[in-house]
Amino acid sequence: MVGLDRSAAELVNRIAQYQPLRLLAVATATYLVALPVLAALWLAVGAVRRRRPRLLSVLVLATLGALAAVGLDLLAGHLYFRPRPYWALPTVHAIGARRGDSAFFSVQPAVAAALAGGLLPVARRWGLAAVGVALLVGLGQVATGAGYPFDVLAGLAVGVACTAALLPLRHRTERLTGRLLRTPVVAAGPRHRELRLGVIALLLLAGLGGWLVARAQDHGLRIALNRADGRLEGHLPTDARLYRPATIQTLAAGHWRPTRARVYGQVTYVNREFDGDIHIVLKAPDGAFVVLEIVPELPIPAPHDDDRITAWGIVRHDGLHNWWELHPLVGWAKGHVTAPSTGGLDD
């Protein structure tokens, strides 16, 4: 399944590498999601003008579902970090801007799917158009290298589920919108179909939450929290020979127990953050990566993209992004530093 996911991402990205498909992929992935948003806004204005509480209530629930999908995407990024294909796969090349957040799950298709789920029952043609837009946005995400097909499918499922989970509240929302529009409404209780869809959607979202928590635990989150901070003892030796060599794969999997490490890899991303830190992604040939963090207190010049370097520093886990890093980065040098470690600093 993972191999098929990666192969499909590589194939779609390779097809989209040439004009005019490059421009089309960027426009689809970035801007097309605005169409269902504008459609929902247009229908909402029309519902207010024509005093149609049922239409307005469903649009309100669809909007809340889209907002819930965005919130769940932020939460998922904290629990489970999946690097985007243009970081993880050497054969995938970014089309457009790169982002350092998690690929799982694709939030733009989720928003479009949430709105489509609300539009379909009350405005079928608009709903079908929104479904098409959601699929195209997902395809654009894969084409630009920003997501895998599984991330897109998960986003579509989450978006639909967020709206479906709110459908049992339709009758209450319809009564409320009727009062706001000063239109008499006789809204019956939730229909059996709405209740079934709501229960299925809640089970799906609960299953997703359990899977994310399990992934976070498997990633070794409990092992390394505050480990390095407690063992620094105010001493940061800069000699690379005092840092035991490790592989990026071992660090990225959370299998490295010493506090300090020295790794070799290729720089694929360098970015200065708002707080003054510099984040550097150091990647192995198989796509595994660690993040190197240069802090202002240790002013170290940053390497450049595509440099092959040996880096050494303090191993720690970033719980916010759920990745492993050398923080702070104590030093780096071009090429592969193969000197054996000495000094007993890695216990």
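Colleague: What makes the crossing of H4 and H6 right-handed?

Modeller: This is a predicted model, by the way. Right-handed means the near helix is turned clockwise from the far one by less than a right angle, and the crossing of H4 and H6 is classed as right-handed.

Colleague: Why is H4 called roughly antiparallel to H6?

Modeller: The axes of H4 (residues 53–79) and H6 (residues 107–122) cross at roughly 160°. Angles over 145 degrees count as roughly antiparallel, so H4 gets that label relative to H6. Their axes also come within 8 Å.

Colleague: Which residues of H4 and H6 meet?

Modeller: On the H4 side they include Leu-55, Val-58, Ala-62 and Asp-73, and on the H6 side Ala-110, Leu-115, Gly-118 and Val-122 are among them. The contact has 15 nonpolar, 3 polar and 2 charged residues.

Colleague: OK, on to the second largest pocket. What is its volume?

Modeller: About 470 Å³. Its lining has 21 residues, and Phe-81, Gly-100, Asp-101, His-321 and Trp-323 are the closest to its centre.

Colleague: Which element gives the largest share of that lining?

Modeller: H4 again, with 4 residues. Strands E1 (260–272), E2 (278–283) and E3 (289–294) each give two or more as well.

Colleague: How does the lining of this pocket divide by residue type?

Modeller: Into 11 nonpolar, 7 polar and 3 charged residues.

Key. Residues are numbered from 1 along each chain as its sequence is written. This is a predicted model: local features need pLDDT of at least 70, side-chain atom pairs count only at pLDDT 80 or more; totals for chains, interfaces and linings use all residues. Side-chain values use heavy atoms; hydrogens and water are left out. Axes are lines fitted to C-alpha atoms, for helices over the stretch in contact, and angles run from 0 to 180 degrees between N-to-C directions. Angles under 35 degrees count as roughly parallel, over 145 as roughly antiparallel, 65 to 115 as roughly perpendicular and the rest as oblique. Contact means heavy atoms within 4.5 Å. Ala, Val, Leu, Ile, Met, Phe, Trp, Tyr, Cys and Pro count as nonpolar, Asp, Glu, Lys and Arg as charged, and the others, Gly among them, as polar. On a 1 Å grid over the protein atoms alone, a cavity is a set of points where a 1.4 Å probe fits but cannot get out, and a pocket is an open set with protein on both sides within 12 Å along at least five of seven lines; lining residues have an atom within 4 Å of a point. Grid points are joined across faces, edges and corners, and a volume is the space filled by probe spheres set on the points.
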